[in-house]
Amino acid sequence: MSLRRGLHTFGRFWWDFIIGDTPELALGVAVIVLGGWLLAKSSAALAVGLVPLGVILLLLVSLRRGARAG
């Protein structure tokens with residue numbers, strides 16, 4: 001196997017693992033993690049409160065989407 005093919009296969013694995021069928025949810029997770037990191041730099045207490053709320057909101061969006069599709 002060539003290096004190029006190996007890198008392509010490796011990249012496709014990670015794309016499928018992280019992005020999968022729902023790029024919106026992967027983007028939502030990235031926004032929550034980045035927002036939590038930025039909030040933690042200024043106010044850890046605020047980050048501790050808002051990050052779980054973001055996760056719950058993302059979970060509700062995912063469940064609603066799954067219920068409509070199924």
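Student: Is L63 buried or exposed?
Tutor: This is a predicted model, in which local features need pLDDT of at least 70 and side-chain atom pairs count only at pLDDT 80 or more, while totals for chains, interfaces and linings use all residues. Residues are numbered from 1 along each chain as its sequence is written, and side-chain values use heavy atoms, with hydrogens and water left out. Buried means under 20% relative accessible area, exposed over 50%, and partly exposed in between, with a 1.4 Å probe and protein chains only. L63 has a relative accessible area of 52%, so L63 is exposed.

Student: In which helix is the place of L63?
Tutor: Helices are DSSP runs of H or I with at least four residues, numbered from the N terminus. The helix that holds L63 covers residues 44-69, and it is α3.

Student: What accessible area does the nonpolar patch with L63 have together?
Tutor: A patch joins nonpolar side chains (Val, Leu, Ile, Met, Phe, Trp, Tyr) within 5 Å, or like charges within 9 Å, from residues with over 30% relative accessible area and no salt bridge. A salt bridge is a side-chain nitrogen of Lys or Arg within 4 Å of a carboxyl oxygen of Asp or Glu. The areas come from the Shrake-Rupley method with a 1.4 Å probe, and for residues only the protein chains shown count as cover. L46, L50, L53, I56, L59, L60 and L63 form this surface patch, whose accessible area together is about 670 Å².

Student: Why does the span of α1 agree with its number of residues?
Tutor: The expected span is 1.5 Å times one less than the number of residues. Helix α1 has 16 residues (residues 3-18), so it should span 22 Å. The distance between its end C-alpha atoms agrees, being 22 Å.

Student: How many residues of α1 are buried?
Tutor: Helix α1 is hardly covered. Among its 16 residues, the count of buried ones is zero.

Student: Which backbone nitrogen does the side chain of S2 reach?
Tutor: S2 lies in the segment before α1, and it counts as partly exposed because its relative accessibility is 43%. Its side chain comes to 3.1 Å from the backbone nitrogen of R5.

Student: What radius of gyration does the protein have?
Tutor: The radius is taken over C-alpha atoms, and the globule rule is 2.2 Å times the number of residues to the power 0.38. For a compact globule of 70 residues the radius would be near 11 Å, but the protein has 17 Å.

How values were computed: Helices (H or I, at least four residues) and strands (E, at least two) are DSSP runs, numbered from the N terminus. A polar contact is a pair of N or O atoms within 3.5 Å; within protein, one must be able to donate a hydrogen and the other to accept it, and residues adjacent in sequence count only if both atoms are side-chain atoms.
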